[in-house]
Amino acid sequence: MKKKFVSVLLCAAMVSTLAIGCTSKPEDSSNGDDASAGENQVLKVAAFEGGYGADMWTEVAEAFEASHEGVTVELTVDKKIEDIISPSMKAGDYPDVVHCATGREAALTETLTKEKGLLELTDVLDMTVPGEDVTVKEKVLPGFLDTLGTNPYGDGVTYYAPMFYSPCGLFYNAGLLEEKSWEVPTTWDEMWELGDKAKAEGIALFTYPTPGYFDAFTYALLESSGGMDFYNSAMMYEDGAWESDEATAVFELVGKLADYTEETVVANANNDNFTKNQQLILDNKAIFCPNGTWLPGEMADAPRADGFEWGFTAVPAVAEGEKPSSFTFFEQMWIPAEAENQDLAKEWIAFMYSDVAAEIFAKSGAVQPIEGAADFLDEENQLYYHIYDDDAAIAVMGGFAATEPVEGVSMADSLFNAVNSIMSGDKTVEQWQADVEAASDALRDAM
């Protein structure tokens, strides 16, 4: 399998020796089965319970305890993990290790990043994966350790450990397209043509769960509109990037999607009703829905039209002659700088890349960014991880660079959460683009 990863890479001149929240490397970190490393220790692990469920965390904690004699894992798993651990953290009681991705509404990970409250994990990359004879760096797939999604300050120093990668793209009912003899669009001109055909039969072209899901969708559009260099400049708040022709094309495309989006979507595009928007493709009321590979599992028990079959495709390229793109979303695990058991927490993170842990996670549909992890999945779920085969689609990784907090300014609010207002007509595309450029200007000096 050939995979082409477009990472957010910074030129060498920008790489500094900034050491933020550094800690000494644990002695003899190469031997993951050394029971003495964690004898009679309690490791406090806090994890977000996403679409993969909570059971996998219990099983992987038991596996870690079995391979680390004398260690007890105190596990906290919750769908709103930030609400559970934040009060204790404010009181000075920190988990030893946290699984909580960037891009969530509570923005806990981003907040600690901006406050320089994370422990450096660069030395973990050189640790041997417990029970194996390879290092973490050797085990992780190429590209995942060279993005702002792992090195948030853009200085080449790792603070986030990549977890659970998921190609993001457009889900659809393959059975419907086969029944109607409709082809999967590979360009936006073809997309609009399909939208017109579907509209004539009372079917919308597009739905989306919540505006937050426009992150991966927009990242793919940006890369395909201007290429890697342009994408990087937008993520780094480069002056004029969001006013460029490449950015304007993306804003206008999303604005045009408003005419092809199912009419009930905006009203249900919230955390309480988002599954109603996802249900639209199962009911043949809309064709495409941007999402990640967790969607089929999340909707496993939902009713569906006769002949329904999951289909998945990359986002068509914006610029002519470019390849489709798929943002590769991945979650993050990190260690608070104030964690009590930092060495054991690093050992836990190294264990996350073991075949033992990867197989446990894969049973719930969660795929670690290591070679061969997708092989643990069933045949249907493996389909989604073949989107990059033979270089058919470009994988985009890495989000916005971390900045110091700027009061009242949020790129997520300006760029993604404003989509509902675009779809409803309450805000124009021009206003939207101006707001994003203003947010970028405000954040540039705070990097």
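Select helix α7 (residues 214–235) together with helix α8 (residues 245–257) in this predicted model; their axes come within 9 Å and cross at roughly 150°, where axes are lines fitted to C-alpha atoms, for helices over the stretch in contact, and angles run from 0 to 180 degrees between N-to-C directions. Helices (H or I, at least four residues) and strands (E, at least two) are DSSP runs, numbered from the N terminus. The crossing of α7 and α8 is right-handed, a crossing being left-handed if the near helix is turned anticlockwise from the far one by less than a right angle, and right-handed if clockwise. To display the contact (heavy atoms within 4.5 Å), show Phe214, Phe217, Thr218, Leu221, Leu222, Ser225, Gly226 and Phe230 of α7 with Glu246, Ala247, Ala249, Val250, Leu253, Val254 and Leu257 of α8. By class these are eleven nonpolar, three polar and one charged, where Ala, Val, Leu, Ile, Met, Phe, Trp, Tyr, Cys and Pro count as nonpolar, Asp, Glu, Lys and Arg as charged, and the others, Gly among them, as polar.

Residues are numbered from 1 along each chain as its sequence is written. Local features need pLDDT of at least 70 and side-chain atom pairs count only at pLDDT 80 or more, while totals for chains, interfaces and linings use all residues, and side-chain values use heavy atoms, with hydrogens and water left out.

Next, select helix α1 (residues 55–67) and helix α12 (residues 342–351), which pack at an angle of about 115° with their axes 11 Å apart, again in a right-handed crossing. On α1 the contact is made by Trp57, Val60, Ala61, Ala63, Phe64 and Ser67, and on α12 by Leu344, Glu347, Trp348 and Phe351; these residues divide into eight nonpolar, one polar and one charged.

Now move to the open sheet, whose four strands follow the order β7-β8-β6-β9 with mixed pairing; two strands pair if DSSP finds at least two bridges between them. Because β7 and β9 (310–313) each have a single partner strand, they stand at the edges, and one side of each is left without a neighbour in the sheet. Neighbouring strands here are turned by 25° against each other on average, direction ignored.

Within the sheet, select strand β8 (residues 286–291), where six of six residues are buried, that is, under 20% relative accessible area, with exposed meaning over 50% and partly exposed in between (1.4 Å probe, protein chains only). Strand β6 (residues 169–173) pairs with β8 in the antiparallel sense over three bridges, and glycine 169 stands opposite asparagine 291. Strand β7 (residues 204–206) runs parallel to β8 and is joined to it by two bridges; look for alanine 204 opposite alanine 286 and for phenylalanine 206 with its bridge partner phenylalanine 288. Helix α10 (residues 274–282) lies across β6, β8 and β9, running at about 130° to β8.

Then centre on threonine 328 in strand β10 (residues 325–334), which is buried with a relative accessible area of 0%. Leaving aside neighbours within four places in sequence, threonine 328 is in contact with Phe144, Tyr165, Ser166, Pro167, Tyr388, Ala395, Val396 and Met397.

Finally, colour by pLDDT, the predictor's confidence in each residue, from 0 to 100: the chain mean is 89, and 91% of its residues reach 70 or more. Over residues 1–38 the pLDDT is below 50, and this stretch has 89 contacts in the model beyond near neighbours in sequence.
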